[in-house]
Amino acid sequence: MADFVGAIDSGTTSTRFMVFDHSGSEVARHQLEHEQLLPRAGWVEHDPVEIWERTGTVIASALNKAHLTGSDLTAIGVTNQRETTVIWDRTTGRPYCNAIGWQDTRTVGITAALDASGKGELIRRKAGLPPATYFSGAKIQWVLDNIGGVREAAERGDAIFGTVDSWLLWNLTGGSDGGIHATDVTNASRTMLMDLNTLDWDDELVSLFGIPVQTLPLIAPSSSLDRFGATRSEGPVGAEVPLTAVLGDQQAATVGQACFDRGDAKNTYGTGNFMLLNTGGDVVRSHAGLLSTVAYELVDQRPTYALEGSIAVTGSAVQWLRDQLGILSGAAQSETLARQVEDNGGVYFVPAFSGLFAPYWRSDARGAIVGLTRHSSNAHLARATLESICFQSRDVVEAMEQDSGVRLDVLKVDGGVTHNDLCMQIQADILGVAVSRPVIAETTALGAAYAAGLAVGFWSSTDEVREHWREGRRWEPQWTEDRRESAYAQWKKAVQRTLNWVDTD
């Protein structure tokens with residue numbers, strides 16, 4: 001058996017390839033950003049060809065940096081931004097249009113009509129999801145209805161759909177020359193098309209969106225010895241290496257954080273925030289605005305489910321300060337600027353750029369900055385932006401406690417924003433519980449590697465994986481209870497100011 005496991009981590013803004021050893025330590029990495037395409041208000045796109053090309057580059061570069069070859073890898077796992085929709089021609093390999101991103105809101109008419117017709121309850125019952133622009137099913141319908149010739153191609157079986165994992169998997173295994181068209185249960189559970197109990201495409205759900213079933217990929221367990229094939233030796237890996245795991249990025253982070261027990265929770269801070277609570281083998285239905293989803297299905301094990309709170313805009317709000325407003329030279333400056341003031345000066349920022357996700361699910365909401373006075377400065381706005389990340393996470397924690405009855409005593413965190421020490425201190429203050437970051441904060445790639453390695457016996461069990469988890473930093477709350485509750489009450493008032501802004505009829 002080779003000495004290492006690789007992981008492709010294709011996120012919303014970048015793709016990286018990482019190599020891990022048996023201790024779960026990083027051996028190599030390379031990362032490249034891909035362009036964010038914003039052709040009109042509410043539209044968020046990517047070029048799938050660019051993502052595939054960048055994937056090849058980061059694989060080759062990471063291996064070269066560590067003086068490794070593909071033959072040094074026992075297996076490779078793939079993790080990806082979820083819900084983002086790619087439709088391509090299985091013969092030519094060319095996408096019919098840009099990928100429609102998970103933050104895209106162009107399908108609001110489709111999802112609003114489903115809810116108005118009463119079909120939303122069917123989606124909630126079978127798929128565990130509300131009808132929302134976030135998920136893939138409505139994006140597929142939009143492409144079929146609006147891009148010329150795609151519906152006819154889909155009915156012929158020529159046009160095929162996948163989230164980014166399927167797109168990369170198909171290309172890695174040969175593309176138009178025998179590439180495997182598959183996904184895993186975690187990504188499939190984010191489409192509004194899969195029944196959570198059967199773990200298969202549901203005819204009734206698929207028909208709601210008018211999607212020819214032959215355009216959908218095979219659904220496989222997240223960790224599998226034979227469902228995802230192997231890389232081609234003529235491809236970027238340079239060898240035939242088994243592809244033994246596919247997981248959506250937030251589920252991969254759940255594995256990377258070793259959240260294997262019922263009641264374990266983690267929060268990933270990236271473009272958005274995503275908190276998952278392990279509910280074991282039970283599909284727990286939310287009454288507080290959370291999603292019921294598949295956490296993972298490891299090789300030879302029953303599926304594990306989760307409650308999830310998905311927040312659309314957190315780290316990307318900091319990017320907005322940098323790219324659209326120009327008040328930051330880089331994302332790291334948000335901490336420096338925010339530290340110039342002791343508090344937010346009464347300023348609250350609700351970054352509902354794509355509506356509000358969990359627990360509100362309001363596609364009619366739009367971003368708002370409230371509480372401005374002549375005293376307000378760019379430093380107050382920077383601090384309000386960091387606080388918005390933390391307040392939105394508290395909204396989700398409150399919903400999880402309501403649904404599960406489990407009160408957190410510590411929150412495991414990961415992702416890029418966790419390197420902002422001020423933001424993590426604010427998170428502990430707003431929640432009133434300790435916040436714990438592991439030594440390896442990039443747990444998404446690590447989780448994909450763990451799932452791939454478990455499939456081939458590189459790691460013997462989840463118990464062995466759990467032993468590798470180590471705390472790197474902990475933040476304890478410092479605010480008084482009065483300050484915490486007063487600030488949260490003001491946040492809730494600010495959220496109300498964002499609602500009913502867009503007409504969704």
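How many nonpolar, polar and charged residues does the lining of the second largest pocket have? Hold that thought for a minute, and let me set things up.

What we have here is a predicted model, where local features need pLDDT of at least 70 and side-chain atom pairs count only at pLDDT 80 or more, while totals for chains, interfaces and linings use all residues. Residues are numbered from 1 along each chain as its sequence is written, and side-chain values use heavy atoms, with hydrogens and water left out.

Okay, pockets. A pocket here is an open set of points on a 1 Å grid over the protein atoms alone, where a 1.4 Å probe fits, with protein on both sides within 12 Å along at least five of seven lines; lining residues have an atom within 4 Å of a point. Grid points are joined across faces, edges and corners, and the volume is the space filled by probe spheres set on the points.

The largest pocket holds about 890 Å³ of space. It has 42 lining residues, and nearest its centre you find Thr 13, Tyr 269, Gly 270, Thr 271 and Gly 416. Elements that give two or more residues to this lining include β2 (14-20), β14 (265-269) and α14 (443-456). Helices, by the way, are DSSP runs of H or I with at least four residues, strands are runs of E with at least two, and both are numbered from the N terminus. The top contributor to the largest pocket is α10, with 5 residues. By class, its lining splits into 10 nonpolar, 21 polar and 11 charged.

Now the second largest pocket, at about 700 Å³. Its lining has 23 residues, with Leu 38, Val 44, Gln 103, Ser 316 and Gln 324 closest to the centre. And here's the answer to my opening question: 7 nonpolar, 10 polar and 6 charged. Again α10 gives the most, this time 6 residues.

On to salt bridges, meaning a side-chain nitrogen of Lys or Arg within 4 Å of a carboxyl oxygen of Asp or Glu. The whole structure has 33 of them. Take Lys 126 and Glu 204, whose closest N and O atoms are 2.8 Å apart. That one ties together distant parts of the chain, helix α3 (residues 120-127) and helix α8 (residues 203-208), with the two residues 78 apart. Lys 126 is buried, at 13% relative accessibility, whereas Glu 204 is partly exposed at 41%. The cut-offs, with a 1.4 Å probe and protein chains only: buried is under 20% relative accessible area, exposed is over 50%, and partly exposed is in between.

Asp 158 pairs with Arg 156 at 2.9 Å between the closest N and O atoms; Asp 158 is partly exposed at 22% and Arg 156 is exposed at 57%. There's also a network of salt bridges linking Arg 82, Glu 83, Arg 190, Asp 249 and Glu 308.

Last stop, the sheet. It's an open one of 7 strands with mixed pairing, in the order β16-β17-β15-β14-β20-β21-β22. Two strands pair if DSSP finds at least two bridges between them. The edges are β16 (291-296) and β22 (471-475), each pairing on one side only. Strand β21 (residues 434-438) runs antiparallel to β22, joined by 4 bridges, and Val 435 has Trp 475 in β22 as its bridge partner.

Definitions and conventions:
Ala, Val, Leu, Ile, Met, Phe, Trp, Tyr, Cys and Pro count as nonpolar, Asp, Glu, Lys and Arg as charged, and the others, Gly among them, as polar.
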